[in-house]
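Here is a short report for a first look at this protein.

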Amino acid sequence: MAVLWLYQKEHKNLIAIQQDELSNKKQLIVELLKPMIANLYYWEQYSFSESDFDPENNAHLDKKIGDFVIGMDSYSQFRLIDLSGNEVYRLNRQENGKIVKSTSLQDKGERDYYKSTTDLKKSQIYLSPLNLNQENGILELPYKPMIRGVTPIFDKQGTKLGIVVINFSAEKLLDLLKKDNHYSFILLDRSGNYLVSKDSVKEFAHLIPNSQNITFYEEHPGLGDSLRSKESTSSFKSGDLWIKTELDFINELSQTPLFQHRFADIKTNNKWVLLKHIESQVLNARLKSEIVTILLINLLAIMVILCLSYLEARSDASKKKYMQALEVMNRKLESKSTELENKNNALAIIQNKLELRNAQLLDYNNIVAHNLRAPTTSVSALVSMLGEAEDYEQAKSYFPKLQKVTHAINTLVDDLLVYVRILNDDDLVGMENIAMEPLIEASLDLYVETLDKETIEVRTDFSAWNEIKFSRIYLQSVIQNLVSNAIKYRDVSKKPVINIRTLWENDKKVLIVEDNGIGVDLDRYGSDIFKLYKRFHRGLSGKGMGLFLVKTQLESLNANIEVASVLGQGTTFKITFDNYE
């Protein structure tokens, strides 16, 4: 009975672990697709005109769209297609990552994704099935898995101009799904065609001419009903264990803010099946090994207890050895407990980083959706006024306003590109041991004429710690922004003082930068203090970019910044470095 109980318990644990792994893979797919949904919505809201769908007159789109594609390294193509199915604008990402404008435009009128999107209405977004890229109707070699996102384009009068198509390269996604699989992993489409398999010949066989295609359900006819019964389930067949989770794109993506708040509507028939396959010999060997190990440990423990009990009755020395043996066993248990706790902490760090990245991507989506709306609306209004101008002089008077608005849009796009590059490059930033004192002195030298101790006094204290492993360029940028803020917002009615010091809190290194300047009303502006283009003092220059970049750069490397401030007394910034030497 004990063996049977152990066998059943190990079975349940194995299924639960593999279900968790499949759920994590499903969440990974959803998170990688969310930015493309937001980007499609942005371009659907963009004010395209009829001339933009004329290949002879749309060269002005090159910088705008080119900068966008550069910042999104998973996008292989960006295209505008007119109502006849002809490409009118196309950017390609080459193998070396370079973005190139194509002069060889193609007719896509017969492609499935074009036919499926001819009836799309405003604010509807279509996601194609995962298939292989074609050029001029022929599969591109080597094979390139793609998901295409499509949304319709209307001019300001509501006339449909065509569609915008973004090709999402799925190669990295599929590589991530194949990675770190202890047991065989399979990905199927809604028809049972193989998208990922340990036998690479089966992958995308339904799309490759002259391939011997057989679906999963044809290959395993007895599994169809049991695997279709629930969204997440497990099944035994011929001694093999099959564990399954479904990914219904509409159900999962409907939780994103765009669809949740009905800003847009998604159209797709994608439903994927994620499977784990554990063969009977592997399964039985693993479970038998676990059971034998547990039984041996229990048997050994019983023998040890019996022997030590016997020795205890014989002498006090035996009792001492008995206690020592128990102590060793306790240390082993504590070691295992510590190891498990460390693993849980590592998972928590990964989860926190994913939550932070989701928040950063949501900030990006909100900035794009809200900050661009006002200037683009102004541009539309000014263009309309230009069209209705009665003479050249009246039209000429609108040019300075139009130039001012377009400059504001260009500035916002450039700032967003800086933000995107920080998010994309956080794993590539060089880390090194940095001595704080020379770095701070080098940063303060940039303001040597202001920080002369007669105008502004700077006090430093690095007695708690004077070295940190971090990105030198990011830390210099953070210090310079905070010192610049302290100088800009100093209180002219008293002698300004800037204090920079280090300390320890909860075994973590902390850097403090504080001043006695004019301060900020955090009750009023606290939620906006680190947001893009937020300013809190009239009559002082600045565009509200510095603190936004400070927070982004720190959080991209697992550091955190907090602010405390009192009007008329000053401001304190507290930076906490997590898990750095």
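How many residues lie between E12 and E13 in their hairpin? There are two, and Ser238 in the turn has a positive phi of about 55°. Helices (DSSP runs of H or I, at least four residues) and strands (runs of E, at least two) are numbered from the N terminus.

This is a predicted model, in which local features need pLDDT of at least 70 and side-chain atom pairs count only at pLDDT 80 or more, while totals for chains, interfaces and linings use all residues. Residues are numbered from 1 along each chain as its sequence is written, and side-chain values use heavy atoms, with hydrogens and water left out.

**Overview**

The protein chain has 17 helices and 22 strands. Of its 581 residues, 43% count as buried. Buried means under 20% relative accessible area, exposed means over 50%, and partly exposed lies in between (1.4 Å probe, protein chains only). Contact means heavy atoms within 4.5 Å. Among contacts in the protein chain with a separation of 6 or more, 65% come from residues 24 or more positions apart.

**Two cores**

A nonpolar core is a set of buried Ala, Val, Leu, Ile, Met, Phe, Trp, Tyr and Cys residues joined through side-chain atoms within 4.5 Å. The largest one here has 61 residues. Met36, Trp43, Phe78, Leu80, Leu187 and Trp272 touch the most other members. Helix H1 (residues 2-45) gives the most to this core, with 12 residues. Leu187 touches residues including Leu174, Leu177, Tyr194, Trp272 and Leu274, leaving out residues up to four places away in sequence. A second, separate core has 35 residues, among them Leu482, Ala486, Ile487 and Ile575.

**Strand pairs**

Two strands pair if DSSP finds at least two bridges between them.

| E12 (residues 232-237) and E13 (residues 240-248) | six | Phe236 and Leu241 |

**The five-stranded sheet**

E19 and E20 also belong to an open sheet of five strands, in the order E17-E19-E20-E22-E21, with mixed pairing. Strand E17 (457-461) and strand E21 (559-566) stand at the edges. Each has a single partner strand, so one side of each is left without a neighbour in the sheet. The twist averages 15° from one strand to the next. Angles run from 0 to 180 degrees between N-to-C directions, with axes fitted to C-alpha atoms, for helices over the stretch in contact. Helix H17 (residues 546-556) lies across E21 and strand E22 (570-577), running at about 145° to E21.

**Helix H14**

In helix H14 (residues 436-444), Met436, Leu439, Ile440, Ser443 and Leu444 are buried. They cover an arc of only 135° around the axis, which puts them on the same side of H14. The arc is that of the directions from the helix axis to the C-beta atoms. These buried residues pack against strand E16 (432-435), E17, strand E18 (467-470), helix H15 (472-488), E19 and E20.

**Around Tyr126**

Tyr126 is found in strand E4 (residues 124-127). Why does Tyr126 count as buried? Because its relative accessible area is 10%. The C-alpha atoms of Tyr126 and Val150 are separated by 5.0 Å, though the two are 24 residues apart along the chain. Beyond its neighbours within four places in sequence, Tyr126 is in contact with residues including Tyr113, Leu120, Arg148, Val150 and Lys267.
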